[in-house]
Every structure is written in C-alpha cells, then in structure tokens.
Amino acid sequence: MQHVEHQISALNDLIKINNDRVTGYQKAIEGAEEQKLKKLFADYIEDSKKHIGDLSEHLHVLGGDPASGTTLAGKFYHTWIDVKAKFSKKDTVSILSDCEYGEDVANTAYRNALDDKELIWKDERIVNILSRHLKELKATHDYIKELRDNAIALALESKKMEKPSVEPADTKIIHN
C-alpha cells in the first residue's frame, strides 16, 4: 500500500509540474509579440492539459485525487519572472530562455519519476504514459532551445548591422 501512496504522490507532483507549464506558457503568451510564438505556446498549454488528463485518469485508478495547484518552486519561479518583467524588457530571447528553463524542470521531474527505485510501477500503461510524456517534453525542450538559439543569432546579427559604419579619416596632408 505504501508504494501506491508513493505513486499517487509522484503523479500529483507531475500534475503540478504540468500546471507550472500551463502558467509559464500563459505568461510567455502575454510577453510574446509574434503570433507564431503565441500559437506555439498555446499548443504547449494544450499538451500540458492532456498530460494532466492522462495522469489524473491513472490517479483515479490508484484511488487518488488529482492535485490542482502548482509546485512551490514553480510559484517562486513565476513570481521571479513577474518581478524581472517589471524591470527589464521582455524580448523573444528572454521569453524563450524562461520557457527552456521550465522545460528543463519538467524533463527532470519526469525522468526522476521514471528512475525512482521506490516507485514500483506495476502497471505498464503508466510507464508508457510517462515515457511518452517525457519524449514529448524532450522534443519541446529541444525546439524551444533551437528557437532561442536562432533568436540569439538574429539579435547578434541585428546588433552588428546597427553599428554605425565608420569611414577611415582622410589621411592626406595637404602642404601649401
């Protein structure tokens, strides 16, 4: 019975991580200017909601109730993002960096749930669900990282173009 309680706790932690993702991507939508990014972030919110549904369904099978909140770390992180946003301009690079960090946290949580030796996942269905979620989260992380790296390169290229071109001074000395 103790392993079932441990599973319920672990699955609720993953639900909270997905709730953190929903909150994080909602903040990213608010800060983003590009419609393409807003659409992508909305898709990731929907992915998290599906993950929550999958996890909740299995929690009911185990006799548990799904968590409804976010993680304490997520609350601190989102508060920090809000404070940072008040004092600095939110650009695409910083938004994508924040998203990448959130994906790192989610990937780690899923990996820990799958690797935890105290969790005895007797139902292969939940192992498959967790593995599928982790695979999707890794793909999301990699894509967000690629977008961030491209945004950095674009920003650097833009800064190079913004530098005023300096013409060499005329060095001819005219003697009369």
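Residues 168-173 come up first: pLDDT stays under 50 there. pLDDT is the predictor's confidence in each residue, from 0 to 100. Over residues 168-173 the model has zero contacts beyond four places in sequence. Contact here means heavy atoms within 4.5 Å.

So much for that stretch. Now the ground rules. This is a predicted model, with local features needing pLDDT of at least 70, side-chain atom pairs counting only at pLDDT 80 or more, and totals for chains, interfaces and linings using all residues. Residues are numbered from 1 along each chain as its sequence is written, and side-chain values use heavy atoms, with hydrogens and water left out.

Confidence next. The protein chain averages a pLDDT of 83. At least 70 is reached by 78% of the residues. Which helix has the lowest mean pLDDT, and which the highest? Helix H3, residues 72-87, has the lowest, at 51. Helix H2, residues 35-62, has the highest, at 96.

On to the fold. The protein chain has five helices and zero strands. Both are DSSP runs, numbered from the N terminus: helices are H or I with at least four residues, strands are E with at least two. Along the sequence the pattern reads α-α-α-α-α. Take the contacts with a separation of 6 or more: 80% of them join residues 24 or more positions apart.

The protein chain exposes about 11,400 Å². Carbon and sulfur atoms supply 56% of that area. Accessible areas come from the Shrake-Rupley method with a 1.4 Å probe, and for residues only the protein chains shown count as cover. Of the 176 residues, 38% are buried. Buried means under 20% relative accessible area, exposed means over 50%, and partly exposed is in between, with a 1.4 Å probe and protein chains only.

Now the rings. How many aromatic pairs does a search of the whole structure find? Two. Rings of Phe, Tyr and Trp (its six-membered ring) pair if their centres lie within 6.5 Å; planes under 30 degrees apart are stacked, over 60 edge-to-face, and the rest tilted. Tyr25 and Phe41 form a tilted pair, 5.5 Å centre to centre with 35° between the planes. Tyr25 sits in helix H1, residues 2-31, and Phe41 in helix H2, 16 residues apart. Both Tyr25 and Phe41 are buried. Then there is Tyr25 with Tyr44. Why is that pair tilted? Because the ring centres of Tyr25 and Tyr44 are 5.3 Å apart and their planes are at 55°. Tyr25 lies in H1 and Tyr44 in H2, so this pair ties together parts 19 residues apart in sequence. Tyr25 and Tyr44 are both buried.

Next, the largest pocket. About 570 Å³ of space lies in it. A pocket is found on a 1 Å grid over the protein atoms alone: an open set of points where a 1.4 Å probe fits, with protein on both sides within 12 Å along at least five of seven lines. Lining residues have an atom within 4 Å of a point. Volume is the space filled by probe spheres set on the points, which are joined across faces, edges and corners. The largest pocket is lined by 22 residues. Closest to its centre are Glu34, Thr92, Val93, Ala151 and Leu154. H2, helix H4 (92-115) and helix H5 (124-162) each supply at least two lining residues. H5 gives the most, with nine.

Start with His133, in helix H5. Buried or exposed? His133 is buried, at a relative accessible area of 0%. Leaving out residues up to four places away in sequence, His133 touches His51, Asp54, Leu55 and Tyr110.

Asn12 is in helix H1. Its relative accessibility is 12%, so Asn12 counts as buried. Beyond its neighbours within four places in sequence, Asn12 contacts Leu59, Asp65, Pro66 and Ala67.

Ala42 belongs to helix H2. Ala42 is partly exposed, with 30% relative accessible area. From Ala42 to Ala28, 14 residues apart along the chain, the C-alpha separation is 9.4 Å.

Last, Glu146, in helix H5. Glu146 is partly exposed, at 45% relative accessible area.
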